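Here is a short briefing on one protein model. Look over the sequence and the structure first.

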Amino acid sequence: MKKAQSFFSAMALSSALLALSLTGCASTKTVSASSDQNKSDCQFEFGTNVSAYFTGTAYLKNLIPLDDTYNFPETNVVTFAPDSRSGWHVHGGMYVIGVGGVGLYQEEGKDAIIIRKGDVVQIPAGVKHWHGSTKDSWFQQIVVYDKNWK
């Protein structure tokens with residue numbers, strides 16, 4: 001029973017986060033890499049600067065930690081400045097929910113796809129990929145993932 005409750009609670013949480021994502025960064029605005037034009041349109045706080053782990057400028061805001069009480073998956077907001085992205089990496093299963101701006105996602109061996117506000121990308125565990133912003137737009141995403149995947 002507990003696993004079913006956790007699953008339905010996680011689904012309700014994901015639905016609520018998707019609804020919030022529909023009011024994020026203005027995806028119709030584009031900016032140059034040096035512009036802050038649509039930076040203030042982002043729905044969520046940027047959080048901690050984690051650029052040392054990315055190409056370009058990126059921020060991480062922890063929303064929901066993995067815990068033993070509710071058993072929700074780890075949930076964070078990642079904000080990318082224009083022309084910024086992660087490196088190639090793998091991890092447990094993940095959902096990327098576009099909150100605002102325009103982003104990109106690419107799996108190894110496939111073409112990159114565009115992510116816009118409200119888009120949801122499901123990434124299976126162990127799939128090598130990267131994600132980030134386009135050259136001319138900020139991109140903010142909610143990530144829900146299996147932090148303990150091995």
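Is Ser133 buried or exposed? Ser133 is buried, because its relative accessible area is 5% and buried means under 20%. Keep in mind that this model is predicted.

**Around Ser133**
- Ser133 belongs to strand S7, which covers residues 129-133.
- A polar atom of the Ser133 side chain lies 3.0 Å from the backbone nitrogen of Asp83.
- Not counting residues up to four places away in sequence, Ser133 touches Phe80, Ala81, Pro82, Asp83 and Ser84, among others.
- Its partners also include Val102, Gly103, Leu104, Trp138 and Phe139.

**The second largest pocket**
- The second largest pocket holds about 290 Å³ of space.
- It is lined by 16 residues, and Phe54, Val78, His89, Met94 and His131 are the closest to its centre.
- Strand S3 (74-80) and strand S8 (139-145) each give at least two residues to this lining.
- The lining has 10 nonpolar residues, 6 polar residues and no charged ones.

**The nonpolar cores**
- The largest nonpolar core has 13 residues.
- Met94, Val96, Ile115, Val121, Ile123 and Val143 have the most contacts inside this core.
- S3, strand S4 (94-107), strand S6 (120-123) and S8 each give two or more residues to this core.
- A second, separate core has 6 residues, including Phe44, Ile97, Val99 and Val144.

**Around Ile123**
- Leaving aside neighbours within four places in sequence, Ile123 is in contact with Gly92, Gly93, Met94, Val96, Tyr105 and His129.

Notes: Residues are numbered from 1 along each chain as its sequence is written. This is a predicted model: local features need pLDDT of at least 70, side-chain atom pairs count only at pLDDT 80 or more; totals for chains, interfaces and linings use all residues. Side-chain values use heavy atoms; hydrogens and water are left out. Helices (H or I, at least four residues) and strands (E, at least two) are DSSP runs, numbered from the N terminus. Buried means under 20% relative accessible area, exposed over 50%, partly exposed in between (1.4 Å probe, protein chains only). A polar contact is a pair of N or O atoms within 3.5 Å; within protein, one must be able to donate a hydrogen and the other to accept it, and residues adjacent in sequence count only if both atoms are side-chain atoms. Contact means heavy atoms within 4.5 Å. On a 1 Å grid over the protein atoms alone, a cavity is a set of points where a 1.4 Å probe fits but cannot get out, and a pocket is an open set with protein on both sides within 12 Å along at least five of seven lines; lining residues have an atom within 4 Å of a point. Grid points are joined across faces, edges and corners, and a volume is the space filled by probe spheres set on the points. Ala, Val, Leu, Ile, Met, Phe, Trp, Tyr, Cys and Pro count as nonpolar, Asp, Glu, Lys and Arg as charged, and the others, Gly among them, as polar. A nonpolar core is a set of buried Ala, Val, Leu, Ile, Met, Phe, Trp, Tyr and Cys residues joined through side-chain atoms within 4.5 Å.
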